Amino acid sequence: MTTLPTDPAANLATLIRCQSVTPTEGGALTSLAEMLNPLGFAVDRQTFSEEGTPDVENLYARLSGNGPHLMFAGHTDVVPVGDEAAWTHPPFSAEIADGMMYGRGAVDMKGGIACFVAAVARHVEQNGPLKGSVSLLITGDEEGPAINGTVKLLEWAAARGEKWDAAIVGEPTNPETLGDMIKIGRRGSISGRLIVHGRQGHAAYPHLADNPVPGIVTLVDALLHPALDEGTAEFQATNLEVTTLDVGNPAVNVIPARAEAAFNIRFNDSWSAENLQAEIEKRLEKAAGSTRLRQGRSEPIVYELIWTGRPSPVFLTRSEKLIEHMGAAVEAITGRRAALSTSGGSSDARFIKDYCPVVEFGLVGKTMHMVDERVALDDLETLTRIYQRFLQDWFV
Ligand SMILES: [Zn+2]
């Protein structure tokens with residue numbers, strides 16, 4: 001008689017003890033597969049490669065039944081531990097103290113996986129076979145470049161004919177207390193670098209040189225003003241953050257040859273990455289002709305704009321049914337109405353949204369990526385009960 005993985009704390013301890021610092025598998029997917037096998041999941045392991053990035057192992061597991069198909073998505077890779085000596089309890093020990101389990105990945109997000117597996121196990125134990133299908137789509141590449149992970153695993157599964165009706169991402173979404181927040185969308189993100197080319201010279205003879213500093217200031221001003229928008233019904237205002245401004249000139253009597261700036265934009269659903277890039281390009285083009293800070297200069301500012309990294313799209317979940325089900329499960333177990341939010345950074349939900357509606361709900365994120373990452377044992381039990389309640393209501 002095999003025992004089912006109904007205890008989230010036991011599941012989590014097993015996962016924390018696997019040293020799966022991204023992109024290393026560290027035994028985490030093997031341990032997860034061992035939990036899923038007795039439940040009847042068909043488990044597939046896929047390793048994806050791409051030049052210039054580390055190979056990454058991923059896992060797709062499906063428990064099949066007649067009815068709707070629910071995906072649970074997450075990652076077993078974790079960020080590095082940082083200063084190991086600073087941890088109160090060793091980061092891969094899963095030690096428990098004062099009702100808290102310590103370990104890297106406790107909340108981000110081995111804990112979410114441990115609870116979901118326990119919820120499925122309890123559901124099966126109490127209700128028999130599922131009236132539908134549950135899949136786990138687990139990557140080892142969320143905290144890394146995110147190239148050989150969720151994107152390719154979704155493509156691989158879809159190519160085999162997998163179709164999903166809804167997805168839950170188990171990232172830690174609650175700022176303070178379990179039940180605070182369900183994420184129903186995410187802002188998009190684009191980043192760029194600006195380079196202004198001048199001509200080096202003596203500070204006392206500016207007419208013989210061309211100082212790029214007034215040029216970069218002019219262009220950065222055009223990026224920041226006016227505001228890109230004032231926010232939408234579901235999203236906060238788009239924000240452009242200038243992340244660096246560099247000239248690197250140590251001499252007071254030299255006009256530098258070049259000045260650089262970099263920026264990141266978190267944008268809402270009034271933009272797409274493409275039309276936002278077009279807006280930025282238009283602003284720079286117009287500002288390049290300004291002579292306000294460059295008196296006596298007739299030629300436009302000479303600059304380059306380089307878009308860096310891949311744009312991350314904005315999305316909003318339109319499925320009322322999925323959002324209501326998750327909200328109802330949270331309220332039934334915690335008595336709290338979770339806020340529906342689109343705040344924060346991006347997650348793998350941005351890839352899943354191309355396949356099915358997706359919401360995010362997991363543990364309390366307060367200690368994620370920190371020294372002494374930890375989770376309350378009570379929270380593990382509560383989240384398991386929330387997920388189980390969701391399964392019960394979803395597979396009626
Ligand atoms: Zn995470």
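Contact here means heavy atoms within 4.5 Å. Axes are lines fitted to C-alpha atoms, for helices over the stretch in contact, and angles run from 0 to 180 degrees between N-to-C directions. The labels follow DSSP runs numbered from the N terminus, with helices (H or I) of at least four residues and strands (E) of at least two.

A word on the model before going further: it is a predicted one, where local features need pLDDT of at least 70 and side-chain atom pairs count only at pLDDT 80 or more, while totals for chains, interfaces and linings use all residues. Residues are numbered from 1 along each chain as its sequence is written, and side-chain values use heavy atoms, with hydrogens and water left out.

Strands count as paired if DSSP finds at least two bridges between them. E4 and E5 (residues 100-102) run antiparallel and are joined by two bridges; Ala97 has Met100 in E5 as its bridge partner.

Ile96 also belongs to E4. Leaving aside residues up to four places away in sequence, Ile96 touches Met101 and Leu377. From Ile96 to Gly27 the separation is 69 residues in sequence and 21 Å in space, C-alpha to C-alpha.

## H1 joins the picture

The axes of H1 and H9 come within 9 Å and cross at roughly 115 degrees. The two helices are therefore roughly perpendicular to each other; on this scale, angles under 35 degrees count as roughly parallel, over 145 as roughly antiparallel, 65 to 115 as roughly perpendicular and the rest as oblique.

Pro8, Ala9 and Leu12 of H1 meet Leu377, Leu380, Glu381 and Thr384 of H9 in this contact. By class, the contact of H1 with H9 has five nonpolar residues, one polar and one charged. For these classes, Ala, Val, Leu, Ile, Met, Phe, Trp, Tyr, Cys and Pro count as nonpolar, Asp, Glu, Lys and Arg as charged, and the others, Gly among them, as polar.

## H7 against H9

H9 (residues 377-394) has another helix to consider, H7 (residues 320-334): their axes come within 8 Å and cross at roughly 135 degrees. That makes H7 oblique to H9.

On the H7 side, the contact includes Lys321, Leu322, His325 and Met326, and on the H9 side it includes Arg385, Ile386, Phe390 and Trp394. The residues of the contact of H7 with H9 divide into nine nonpolar, three polar and four charged.

## The four-stranded sheet

Another open sheet has four strands in the order E12-E14-E10-E15, again with antiparallel pairing. Strands E12 (239-246) and E15 (303-312) stand at its edges, each with a single partner strand, so one side of each is left without a neighbour. From one strand to the next, the twist averages 15 degrees.

E12 and E14 (residues 258-267) run antiparallel and are joined by seven bridges; Leu240 has Ile265 in E14 as its bridge partner. Helix H6 (residues 273-287) packs on the sheet, touching E10, E12, E14 and E15, and its direction makes about 165 degrees with that of E15. Helix H5 (residues 212-224) lies across E10 (188-197), E12, E14 and E15, running at about 160 degrees to E10.

## A hairpin and a salt bridge

Strands E1 (residues 42-50) and E2 (residues 53-63) pair in the antiparallel sense over eight bridges, with Phe48 opposite Val56 in E2. The hairpin of E1 and E2 has two residues between the strands, and Gly52 takes a positive phi near 85 degrees. E2 also pairs with E6 (residues 133-139), in the antiparallel sense over five bridges; here Arg62 stands opposite Ser135 in E6.

The whole structure has 18 salt bridges, each defined as a side-chain nitrogen of Lys or Arg within 4 Å of a carboxyl oxygen of Asp or Glu. One of the pairs in salt bridges is Arg45 with Glu25 (3.8 Å, N to O). That pair links distant parts of the chain, 20 residues apart: Arg45 is in E1, and Glu25 is in the loop between H1 (8-16) and H2 (28-36).
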